[in-house]
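Work through these exercises with the structure open beside you. Try each task before reading its solution.

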Amino acid sequence: MQVLFPQACINEIHIEGRIKKWKSDYHKLDAMLRRPEFGWNRNENKLLVENEVWNAFVQESTLKFVFNFV
């Protein structure tokens, strides 16, 4: 990598971090799409969900985060 792009300053840690972040985001999206209230717009590459459902999901996810890490 350094031979092809010497000014990039990219190393193994950067790549591993990106992969870890991608996996985390993928699993979150996958969990949402497994629920019947969520859909996917293939033309616009967007998540489809009603506002009330989204707000409830965010509330639930926030509570899980707070109680799992406090």
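**Exercise 1.** Decide whether Phe38 is buried or exposed.

*Solution.* 
Step 1. This is a predicted model, so read the value as computed from that model. The relative accessibility of Phe38 is 7%.
Step 2. Buried means under 20%.
Step 3. Phe38 therefore counts as buried, at 7%.

**Exercise 2.** Find how much of the chain is buried, and describe its surface.

*Solution.* 
Step 1. The chain has 70 residues, and buried residues make up 7% of them.
Step 2. The accessible surface comes to about 6700 Å².
Step 3. Carbon and sulfur atoms account for 59% of that surface.

**Exercise 3.** State how many aromatic pairs the structure holds, then classify the one formed by Trp22 and Tyr26.

*Solution.* 
Step 1. The structure holds four aromatic pairs.
Step 2. Trp22 and Tyr26 form a pair with 5.6 Å centre to centre and 20 degrees between the planes.
Step 3. Planes under 30 degrees apart count as stacked. The pair of Trp22 and Tyr26 is therefore stacked, at 20 degrees.
Step 4. Locate the two residues. Both lie in helix α1, four residues apart, about one turn of the helix.
Step 5. Trp22 counts as exposed because its relative accessibility is 57%. Tyr26 has 44%, so it counts as partly exposed.

**Exercise 4.** Classify the aromatic pair of Phe38 and Trp54, and say where its two residues lie.

*Solution.* 
Step 1. The ring centres of Phe38 and Trp54 are 6.5 Å apart, with 75 degrees between the planes.
Step 2. An angle over 60 degrees counts as edge-to-face. The pair of Phe38 and Trp54 is therefore edge-to-face.
Step 3. Phe38 sits in the loop between α1 and β1, and Trp54 sits in helix α2. They are 16 residues apart, and the pair links distant parts of the chain.
Step 4. Phe38 is buried at 7%, whereas Trp54 is partly exposed at 33%.
Step 5. Ring pairs link Phe38, Trp54 and Phe57 into a cluster.

**Exercise 5.** Trace what the side chain of Asn41 reaches and which residues Asn41 touches.

*Solution.* 
Step 1. Asn41 is in strand β1.
Step 2. The side chain of Asn41 reaches the backbone nitrogen of Glu44 at 3.1 Å.
Step 3. Leave out residues up to four places away in sequence. Asn41 then touches Lys46 and Leu48.

**Exercise 6.** Say how many salt bridges the structure holds, and examine some of them.

*Solution.* 
Step 1. Recall that side chains of opposite charge can pair when their charged atoms come close. The structure holds five salt bridges.
Step 2. One of them joins Lys21 and Asp25, at 2.9 Å from N to O. Both residues lie in helix α1, four residues apart. Lys21 is partly exposed at 49%, and so is Asp25 at 33%.
Step 3. Asp30 forms a salt bridge with Arg34, the closest N and O atoms being 2.9 Å apart. Asp30 is partly exposed at 23%, whereas Arg34 is exposed at 65%.
Step 4. Arg35 and Glu37 meet at 3.6 Å, N to O. Arg35 is partly exposed at 27%, and Glu37 is partly exposed at 38%.
Step 5. Arg35, Glu37 and Glu60 are linked in a network of salt bridges.

Notes. Residues numbered from 1 in each chain as written. Predicted model: local features only at pLDDT ≥ 70, side-chain atom pairs only at ≥ 80, totals over all residues. Heavy atoms only, no water. Polar contact = N/O pair within 3.5 Å; in protein donor to acceptor, adjacent residues only side chain to side chain. Contact = heavy atoms within 4.5 Å. Buried < 20%, exposed > 50% of the residue type's maximum accessible area, 1.4 Å probe, protein only. Areas by Shrake-Rupley, 256 points an atom, 1.4 Å probe, with all protein chains shown as cover. Phe/Tyr/Trp six-rings, centres within 6.5 Å; stacked < 30°, edge-to-face > 60°. Salt bridge = Lys/Arg side-chain N within 4 Å of Asp/Glu carboxyl O.
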